[in-house]
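Subject: Structure handover

Dear colleague,

Here is the structure I said I would pass on. My notes on it follow below.

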Amino acid sequence: MKCVSCKDMGVDCPWVGKARSEEELVEMSRKHAMSHHKDWWEETGSKMSDKEAGELVKENVREC
Ligand SMILES: [Zn+2]
């Protein structure tokens, strides 16, 4: 499985996403950010392209 956590992405939050593929993790991270990190989402996340959002998540993904 592949994991990514908010902490890995520099956010003080205990959330950890787990999925089979990086693509799923990107999607999960987006949904999480949208509902739990509204300020960050409105300022930064919503302005990111799919490619940028994907890169942000993928560079922090680890095997778990
Ligand atoms: Zn979070």
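Two residues are taken to be in contact when their C-beta atoms, placed from the backbone, lie within 7 Å. On that basis, looking at contacts in the protein chain between residues at least 6 apart in sequence, 44% join residues at least 24 apart. Please keep in mind that this is a predicted model.

Overall layout

The protein chain has three helices and three strands. Read from the N terminus, the order of elements is β-β-α-α-α-β. The C-alpha trace spans about 30 × 25 × 15 Å along its principal axes. The radius of gyration is 11 Å, which agrees with the value near 11 Å that a compact globule of 64 residues would have. Of the 64 residues, 12% are buried.

The three strands form an open sheet in the order 2-1-3, and the pairing is antiparallel. Strand 2 (16–19) and strand 3 (62–63) are the edge strands; each has a single partner strand, so one side of each has no neighbour in the sheet. In general, strands of a sheet pair through backbone hydrogen bonds, in either a parallel or an antiparallel sense.

Strand 1 and strand 2 run antiparallel and are joined by four bridges. Between strand 1 (residues 2–5) and strand 3 there are two bridges, also in the antiparallel sense. Lys-2 has Glu-63 of strand 3 as its bridge partner.

The helices

Helix 1 (residues 22–36) lies across strand 1 and strand 2, and runs at about 150° to strand 2.

How do helix 1 and helix 3 cross? Their axes come within 9 Å, at a crossing angle of roughly 105°, with helix 3 covering residues 50–58. Angles of 65 to 115 degrees count as roughly perpendicular, so helix 1 is roughly perpendicular to helix 3. On the helix 1 side the contact is made by Glu-22, Leu-25, Val-26, Ser-29 and Arg-30, and on the helix 3 side by Ala-53, Gly-54, Val-57 and Lys-58. Sorted by class, this contact of helix 1 with helix 3 has four nonpolar, two polar and three charged residues.

Two individual residues

Lys-31 is part of helix 1. Is Lys-31 buried or exposed? A residue counts as exposed if 12 or fewer other C-beta atoms lie within 10 Å of its own; Lys-31 has 11 such neighbours and is therefore exposed. Between Lys-31 and Lys-51 the C-alpha to C-alpha distance is 16 Å, at a separation of 20 residues in sequence.

Trp-15 sits in the loop between strand 1 and strand 2. Because Trp-15 has 16 C-beta neighbours inside 10 Å, it counts as partly exposed. Which residues does Trp-15 contact, leaving aside its neighbours within four places in sequence? They are Ser-5, Cys-6, His-32 and His-36. Glu-52 is 37 residues from Trp-15 in sequence, and the two are 21 Å apart in space, C-alpha to C-alpha.

Regards

Note on methods
Residues are numbered from 1 along each chain as its sequence is written. This is a predicted model: local features need pLDDT of at least 70, side-chain atom pairs count only at pLDDT 80 or more; totals for chains, interfaces and linings use all residues. Two strands pair if DSSP finds at least two bridges between them. Axes are lines fitted to C-alpha atoms, for helices over the stretch in contact, and angles run from 0 to 180 degrees between N-to-C directions. Angles under 35 degrees count as roughly parallel, over 145 as roughly antiparallel, 65 to 115 as roughly perpendicular and the rest as oblique. Ala, Val, Leu, Ile, Met, Phe, Trp, Tyr, Cys and Pro count as nonpolar, Asp, Glu, Lys and Arg as charged, and the others, Gly among them, as polar. The radius of gyration is taken over C-alpha atoms; the globule rule is 2.2 Å times the number of residues to the power 0.38. A residue is buried if 20 or more other C-beta atoms lie within 10 Å of its own, exposed if 12 or fewer, and partly exposed in between; C-beta atoms are placed from the backbone.
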